[in-house]
Amino acid sequence: MIQQDRTVPSGVKTKDKPLLRALKGEAVWPPPVWLMRQAGRYLPEFRAMREQADFITRCMTPDIAVELTLQPIRRYGMDGAILFSDILILPWAMGQDLRFEEGRGPVMTPIRSEADLARLDEGRMMEAVAPVREALRRLRVELPEETTLLGFAGSPFTVACYMVEGGSSRDFAHIRAMMQKDPALFDRLMDILTRNTAEMLCGQIEAGAEAVMLFDSWGGILPPEAFRRYVIEPTRQIVAHIRARHPDVPLIGFPRLGGVMVAEYAEKTGINALALDTVADMAKVAEMVSETVTLQGNLDPMILLNGGEALKVEARRIRDSLKGRPHVFNLGHGVIKTTPPEHVATLVETIRDV
Ligand code: CP3
């Protein structure tokens, strides 16, 4: 059956959702919990499906993406279900080739010139990500009624890093060279990404995502002025664009490794929730940002990997340090693939045991 592109299906549940309430600024206690990369290789049921199709096929086949999104919800009853997809689906949807290689991560043909940029086809983007919207529509029907469905995208700067470097990088030499030597070209790339990210996220919301998160994994490599121009300003534009169309949908920003710039990021972008990485001192950040901004984070994934008493102690410390403030419990970065699944169960139980 073909569904209308802009409708949330019937049968959608609208029960009170702790994560959605916390993202809208309420100090829910105990805090709701979900984990970045909660659908992943640490789960045996995920590894079993991994053999069936390559990564992009898994993202683009609604049956598979729905199943992978639901796996951690079934096991742990997380408060949030993050769509199984990837931040690099956007450049792929505009025609940049992409593959994932074992041990190397994403590999793309780099975009470094005017001619490379001209090959991007913005016109095909929304059509290419139609299966993602279909997966979201199905998830809204299949998820438990208290679970919040999260959409996401990479921030323009972080996605540009992969597009220009052609994959992961140690030093980001090519993108930094482009920023300095050909700022006009770089600005055009950022402009394409800013517009298309906003458009794609609106599409995710219209298909059923109840909140959306912007992953800015690499903005932290930039000096302050460049951080303002390439991280804060495009994020502000994306937030403004989405809010004009969907004023009630909360937005989470994750300026990873943003250091002291995270306070300015929270204030100037207008995001509802600030996700923090492992190095951030939550209590200190809480003093620096408005109480209306929800904080999300920030347990060290390595502590989750190692488990034991230290996991419980640290999880409680973070939870209790933010009591009375709107907080969403999460990691400071994604679940590590060798994490024992029982440790995740222990973490969720610990957070909910008050
Ligand atoms: O969090 C979730 O469970 C939802 C899905 C999700 C994935 N990637 C699935 C994925 C999300 C939100 C992402 C975000 C993402 N992707 C980021 C931002 C967060 C961060 O980690 O800093 C970045 C930088 C990417 C790009 C990316 N995708 C890289 C560098 C890699 C290779 C490294 C790795 O961990 O394998 C990926 C692949 C990827 N994305 C996998 C998954 C589950 C592993 C693919 C596999 O199954 O082999």
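Residues are numbered from 1 along each chain as its sequence is written. Because the model is predicted, local features need pLDDT of at least 70 and side-chain atom pairs count only at pLDDT 80 or more, while totals for chains, interfaces and linings use all residues.

Start with the open sheet. It has 7 strands in the order β1-β4-β5-β6-β7-β8-β9, and the pairing is parallel. Strands (E, at least two residues) and helices (H or I, at least four) are DSSP runs, numbered from the N terminus. Two strands pair if DSSP finds at least two bridges between them. At the edges stand β1 (80–82) and β9 (327–331), each pairing on one side only. Neighbouring strands of the sheet are turned by 25° against each other on average, direction ignored. Axes here are lines fitted to C-alpha atoms, for helices over the stretch in contact, and angles run from 0 to 180 degrees between N-to-C directions.

Strand β8 (residues 294–299) runs parallel to β9, and 5 bridges join them. Leu299 has Leu331 in β9 as its bridge partner. Strand β8 also contains Asn298. The peptide bond leading from Gly297 to Asn298 is cis, with omega near -20°. Most residues other than glycine have a negative phi, and most peptide bonds are trans.

A hairpin comes next. Strands β2 (residues 98–101) and β3 (residues 105–108) run antiparallel and are joined by 4 bridges. Phe100 stands opposite Pro106 in β3. The hairpin has 3 residues between its strands, and Gly103 in the turn has a positive phi of about 80°.

Two helices form another landmark. Packed helices are described by the angle between their axes and the distance between the axes. The axes of α9 (residues 156–165) and α11 (residues 183–206) come within 9 Å and cross at roughly 125°. That makes α9 oblique to α11; angles under 35 degrees count as roughly parallel, over 145 as roughly antiparallel, 65 to 115 as roughly perpendicular and the rest as oblique. The crossing is right-handed, the term for a near helix turned clockwise from the far one by less than a right angle, with anticlockwise giving left-handed.

Now move to the loop between α1 (18–23) and α2 (44–50), which holds Ala39. Pro30 lies in this loop too, and a cis peptide bond with omega of about -5° joins Trp29 to Pro30.

Which residues lie closest to the ligand? They are Arg37, Ala39, Gly105, Phe215 and Ser217, among 22 that surround it. A residue is near a molecule if its C-beta atom, placed from the backbone, lies within 6 Å of it. The shell has 11 nonpolar, 7 polar and 4 charged residues. Here Ala, Val, Leu, Ile, Met, Phe, Trp, Tyr, Cys and Pro count as nonpolar, Asp, Glu, Lys and Arg as charged, and the others, Gly among them, as polar.

An unreviewed UniProt entry lists a "binding site" at Arg37, Gln38, Ala39, Gly40, Arg41, Asp86, Tyr162, Ser217 and His333. They span 297 residues in sequence and their farthest two C-alpha atoms are 22.6 Å apart, so they do not all gather at one spot. UniProt positions follow the numbering used here, feature names are shortened, and annotations may be inferred rather than shown by experiment.
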